[in-house]
Amino acid sequence: MKKIAILGECMIELNGEPFGRMRQTYGGDSLNTATYLARVSRREQFEISYVSALGKDKLSLGMLAHWRNDGINTDCVLLDEKRQPGLYLIQLDEKGERTFLYWRNQSAARYLLQHEGYTEVLARLATADMIYLSGISLAILPENDRTLLIRQLGNLKKAGVKIAFDSNYRPALWDSFQQTQACYQALLPLVDLALVTFDDEQSLWRDENVQQTISRLVQLGVGTVVVKSGEHGAVFYHNGETRQVATEVVQRVVDTTSAGDAFNAGFLNGYLQQKSLVDCCRQGNKLAGIVIQHKGAIIDKTATQHFIREFN
């Protein structure tokens, strides 16, 4: 059984109109990927662990129960006596594009590495086949903890653990372009699989095209690069081969909130089974196409049942 540990933060999600009707659920880029990966994978295939911290409040304990019900291993989710989960509000425009407001500076996940139980979590990470994290996973941490985590990931890579990374650049979480670039440049030489979105790479690095993104990441030492481009599908690079994989047209886009996270889950489901990168991208495109037809970061699990029948 393959073991993948997904590191990051899950927050309480409010979805709706200010001073109007609100729907409360939860979400966060890494947790979205963990959830969709667990939902579309057979439980005997992979052990999918989430690595984070929550509080001991009812919302935190409720989230844990939901994650376990989805098949996520929560042994690496630490509980903080003093802190609670962060909070975010999603607002959508008429095209389904979203804007966010965040309240997360004192969230439990931000102080994961300072939790007394983190040493045990780190030992568990050494038994994983792959660790997945995102730029948001890094951005929420205090700067010293960010540096420490990258050093720990370097040690884990030397021990044979594969590292997967989605740059998922969110400017509001960083002090400057330079800070983000320096952090990513420290991490990327450790990365075996980069799953990035072209819009993010263009925003951070001023890339003019997908090939420029691929070339920069390969020069930094990334072995396999996948660049997501929304309705244009995905382009991957591996062993000198570059190929585009088109996606199906979605007639009605409702909410793009976790499209990239869902792509990553579909892709990783195939990747961990050692399917071809073409098939992995097709799975990613398919799952993202399902998710954007529903509202919220994490949709009803019945909507992905046909994905399991088609690809597993």
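Q: How many disulfides does the structure hold?
A: The structure, a predicted model, holds zero disulfides. Cys76 is in no disulfide, and the nearest cysteine sulfur, that of Cys10, is 16 Å away. A disulfide needs the two sulfur atoms within 2.5 Å.

Q: What makes Cys76 and Cys280 count as buried or exposed?
A: Buried means under 20% relative accessible area. Cys76 has 5% relative accessibility, so Cys76 counts as buried. Cys280 has a relative accessible area of 0%, so Cys280 is buried too.

Q: Why is the pair of Tyr50 and Trp67 called edge-to-face?
A: The structure holds eight aromatic pairs. In the pair of Tyr50 and Trp67 the ring centres are 5.4 Å apart and the planes stand at 80°. Centres within 6.5 Å make a pair, and planes over 60 degrees apart count as edge-to-face, so this pair is edge-to-face. The pair links distant parts of the chain, with Tyr50 in strand E4 and Trp67 in helix H2, 17 residues apart. Ring pairs also link Tyr26, Tyr50 and Trp67 into a cluster.

Q: How do you know whether Tyr50 and Trp67 are buried or exposed?
A: The limit for buried is under 20%. Tyr50 is at 0% relative accessibility, so Tyr50 counts as buried. Trp67 also has a relative accessible area of 0%, so Trp67 is buried. Both are among the residues with the most contacts inside the largest nonpolar core, which has 51 residues.

Q: What makes the aromatic pair of Tyr88 and Tyr102 tilted?
A: The angle does: the planes are 35° apart, with 6.1 Å centre to centre. Stacked needs under 30 degrees and edge-to-face over 60, with the rest tilted. Tyr88 lies in strand E6 and Tyr102 in strand E7, 14 residues apart.

Q: Why is Tyr102 called partly exposed?
A: Tyr102 has a relative accessible area of 29%. Tyr88, at 3%, is buried.

Q: What makes the charged end of Arg83 sit over the ring of Tyr111?
A: The charged end of Arg83 is 3.9 Å from the centre of the ring of Tyr111. The distance limit is 6 Å, and there is an angle condition as well, within 35 degrees of the ring normal.

Terms used:
Residues are numbered from 1 along each chain as its sequence is written. This is a predicted model: local features need pLDDT of at least 70, side-chain atom pairs count only at pLDDT 80 or more; totals for chains, interfaces and linings use all residues. Side-chain values use heavy atoms; hydrogens and water are left out. A nonpolar core is a set of buried Ala, Val, Leu, Ile, Met, Phe, Trp, Tyr and Cys residues joined through side-chain atoms within 4.5 Å. Buried means under 20% relative accessible area, exposed over 50%, partly exposed in between (1.4 Å probe, protein chains only). Rings of Phe, Tyr and Trp (its six-membered ring) pair if their centres lie within 6.5 Å; planes under 30 degrees apart count as stacked, over 60 as edge-to-face and the rest as tilted. Helices (H or I, at least four residues) and strands (E, at least two) are DSSP runs, numbered from the N terminus.
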